[in-house]
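Please look over the model below before reading on. The notes after it are grouped by topic.

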Amino acid sequence: MKLLKYALLAIPFLYFSCDDDDAPEEINEEEVITTMTVTLVNHQDGSDVVTMQTQDLDGDGPDEPVVTVSGPLSSGTSYSGSIVWLNEMEDPAENITEEIVEEDDEHQVFFSASGVSMQFVYMDFDGNGNPLGTQFVLAPLTTGEGSVVITLIHEPDKPNDDTLNTAGGSIDIQTAFPVTVE
Amino acid sequence: MNCKCKKCGASFTTKLALTLYSFFSLCCINSFAQNCNNKLSIQILDLHDGTPLENATVQTNGLKGTTDFDGNLTFENLCEDSYVLTISHEDCESLVETIDIKKDTFRKIRLEHHLNELEEIMVISNNRNNSRTLFENKISKEVLDDYNSRTLGEVLKTVTGVSSLNSGSYLSKPVINGLHSSRVILINNGVRLEDQEWGIEHAPSIDINSIDKISIIKGASALKYAGDAVGGVIIAESSREKLLDTVYGNATTNLQSNGRAGGISTNFTKTNSNGWYYRLQGTLKRMGDFETPEYVMTNTGFSEYNLSFKAGLNRIDHGFDIYYSLFSNRLGILRSSHAHTAIDIINAIENDIPHIIEDFSYDINIPRQKISHNLLKLKGFKNFDFGKLSMRYDFQSNDRKEYDIRRGDRTRPALDLNLQTHSIAFDLESKFENNSNLKAGISARYQKNFPDPATGVKRIIPDYKKYDFSLYSVYDTNFSENWFLEAGIRYDFSHIDAYKYYRTSLWEARNYDELFPEFVVEDLGLNTLTNPKFDFHNISSNLGARYSISESENIFINYSMSSRKPNPSELFSEGLHHSSARIEIGDLSFNSEVGHNFSLTYDSSNEKSSLTVNAFANIVDDFIYMIPVDLLPTIAGVFPYWEYKQEDAKLFGFDVKYDRQYFTNFFVGHQFSIIKGYERANNKPLINMPPVNIKNQISYNFPELNNLNFSLESEYVFKQNEYPNNNFEVFIPTEQTYQLLDTSTPPDAYHLLNFASSIGFKAENGGNYKINLRIENLFNKLYKNYLNRLRYFTHEMGRNILLSVSYNY
């Protein structure tokens, strides 16, 4: 009977669909940034170090990022700032900073302050001489309470006027750190 | 008539040869004859429908007889021997049959009709409806030819009440009566398409050049194929092969101004009167960036290549075929549509034009999609006394890679899914004497989804295996002269066995640790490995009637219940969906969604005019859809947080299509469609409902001038005034202010004019050429489309001049 023959023809196809039942491997999420740590060292007093950190260990999971600032800033001085980005989902944690510095033409950090007046100066630049921002200088101009907003943009338009208005690209990290300037 | 005479001549010669042959063979065998008291009773039946054939002549060794009204004939006093019978009938091909006589014998013998009559039967079966009581919208080969450089989504829009949900200019998926994705089932050459259809930015993997006919059933399932088509079914078929010794085919080339390229497509069919045939088909398409009237939509080009092969044997009482098709494309996604956070989208909306506009290019850069879809089908059928039994096995492998803008030198796709589906089905179609039909079938399916972990990105859709089993039966009958009734029922069983890594924080936040502790395989700290298993039992049914007022006037009344199990996205989504810059969360506790669709259609057509009015109400229980519930802060900033919900919904609407011929060659056509959809509990409008639209067309035809045709189409799309308000106030940290993320407000109404012209020429060798010219968006209007997911980033395509030349032979 023909139909039977056709049915027999199909059997090899059904066979190769049966395979093992093993659980799939866990994915190493490579590009996620879980942690941004900003270290500010007082130019006048090298022992005065202020650390600002945002950490979101579950990435796009429901836990909110934890933002910490270690202490107040002082007016009348300036701070040498550096930023480190980590992916702590990987074990050991991956330092994303290296990647960002390597692709300096595709990244830029933007700085702004609100509530208090501050000046930011870029200290590192990409191959075209445009600012990158993993190294910078922060100078509080007034005292009071406010916030420092640090934004890492992927694929910005370069050059720009160093504000987000002309930055383009898309936001990788944006955190407002609450600060007190004394 | 000429043709018929030729046939008679041919069959006369055959008859003569057969008679001589039987004479010689019998005279040799007869010398061994002994017992000569045997009786041979014969019944001659029509091979394709089993009806008895009267007046068939049977000859053997000088004996000759003619069948009676019931097709019966008896020869007596036959010896124990082999008899070679020559059977002939004026409508049929002659047949020679050898029968061994040892005792009284009864035999049924089936005769095949003349080929030209078979050809007519084939033509009728080509135009056959899938149901006698469901109104089907059809798209003819002519319309498909006019749209051969487009997508399936585009060509389906020519049907009233069907629209398309787009992601950019080329990626479009069909929306039937306001519903789409998993609610619209696509059947390609008898095979249910399995191609990750849950994604609204996933276009169906079908090449329209491989199809000769499309039928659309709105709001109901064709129970033979599926029970979960809450929105409707689209059935795409290639036509049946002719039963003649011939070759035919087509070659088409088309060019278009927008995208600055085009495509070529060709098909070739060789058929034989003995039923054997094969068919080859291929398509190549290449486009560069599309353009709005004011700017280039950077990175919107695509390339596509498709091929298909079909071969088989086509007899009236049995046959088989093997079909293979490959659909493969690479599709650029608008460069500026890559937004990461809510603020990026706010910026994009404020910008009005895309942020990145580069010079025109044919390059297909990142972001892009790369899809390949393989389909292999084996099918056989045989007619028995009790009906036509067919068997089908098919295998599909869908490979989807989505490349996103990534950090580092990562060139791997961010999404890499492979979906393999095997299915096997047995179908029975029986005709009864009282003009009623019974269709029944049984099918099983195995599906495996494999998301490649090498992407280094969390899986959107998990690894899963799915086992389906289904049974259906549909009975239709001609209740009285004017009434056709149909009733059908289908049962679907599905077992899903998935492995998924959930973020432990999410697993606990959604209370899954208490609801589904049995799913947990291992808690790995950051992630929890789970093994969710589900069983779904679904019943769907259909009850329809057609009242035939006259031959050209019909009323269709239909109630259809469709049950759809939640798709993988609705069950398992849990995280950032990059292409929509939002966090999407599914729900493991969903049950099946059940749609009750009532539709009423009036259809009348005569030589001068045709009118179709269709009204529907679709009451959907446990409708699964997404709503924004909050903003979720992450390290990257805030994201809208969307959750799938299950609420009761209702959709209703109606559409009208009216075509009329004035004078001899002047045609006017009108189409109107309105669809409304709401949540039942609070009357909140559903998202992405197609706005009201009106299409009008005038055309003039010059039959004496090579069928030269001019037509002008006007399409007016209203602003969607009923939409859910899913807007959010988003805090902008740099400015310490809140800004509105307005992703809800639909764009303004628009009016487009299209021009079309065509002309045909006969070639010397009997083939014909057709030249088609179309100008779309004649006045180069700048507009946005509510049903384009990328409308926040870009306008629609500007003027497009399309020229196609096709040659048929």
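This is a predicted model: local features need pLDDT of at least 70, side-chain atom pairs count only at pLDDT 80 or more; totals for chains, interfaces and linings use all residues.

Residues are numbered from 1 along each chain as its sequence is written, and chains are lettered from A and ligands numbered from 1 in the order in which they are written.

**Chain A**
- Chain A has 2 helices and 10 strands, taken as DSSP runs (H or I, at least four residues, for helices; E, at least two, for strands) numbered from the N terminus.
- Read from the N terminus, the order of elements in chain A is α-β-β-β-β-β-α-β-β-β-β-β.
- Chain A has 182 residues, and 36% of them count as buried (20 or more other C-beta atoms within 10 Å of the residue's own, with C-beta atoms placed from the backbone).
- In chain A, 60% of the contacts between residues at least 6 apart in sequence join residues at least 24 apart; a contact means C-beta atoms, placed from the backbone, within 7 Å.

**Domains of chain B**
- An automatic or database domain assignment divides chain B into domain 1 (2-113) and domain 2 (338-808).
- The C-alpha centres of these two domains of chain B are 57 Å apart.

**Nonpolar cores**
- A nonpolar core is a set of buried Ala, Val, Leu, Ile, Met, Phe, Trp, Tyr and Cys residues joined through C-beta atoms within 7 Å.
- The largest such core holds 62 residues, and those touching the most other members include Ile33(A), Ala342(B) and Phe639(B).
- Strand β10 (residues 170-181) of chain A gives the largest share of this core, 6 residues.
- A second, separate core has 53 residues, among them Ile139(B) and Tyr625(B).

Key: A residue is buried if 20 or more other C-beta atoms lie within 10 Å of its own, exposed if 12 or fewer, and partly exposed in between; C-beta atoms are placed from the backbone. Two residues are in contact if their C-beta atoms, placed from the backbone, lie within 7 Å.
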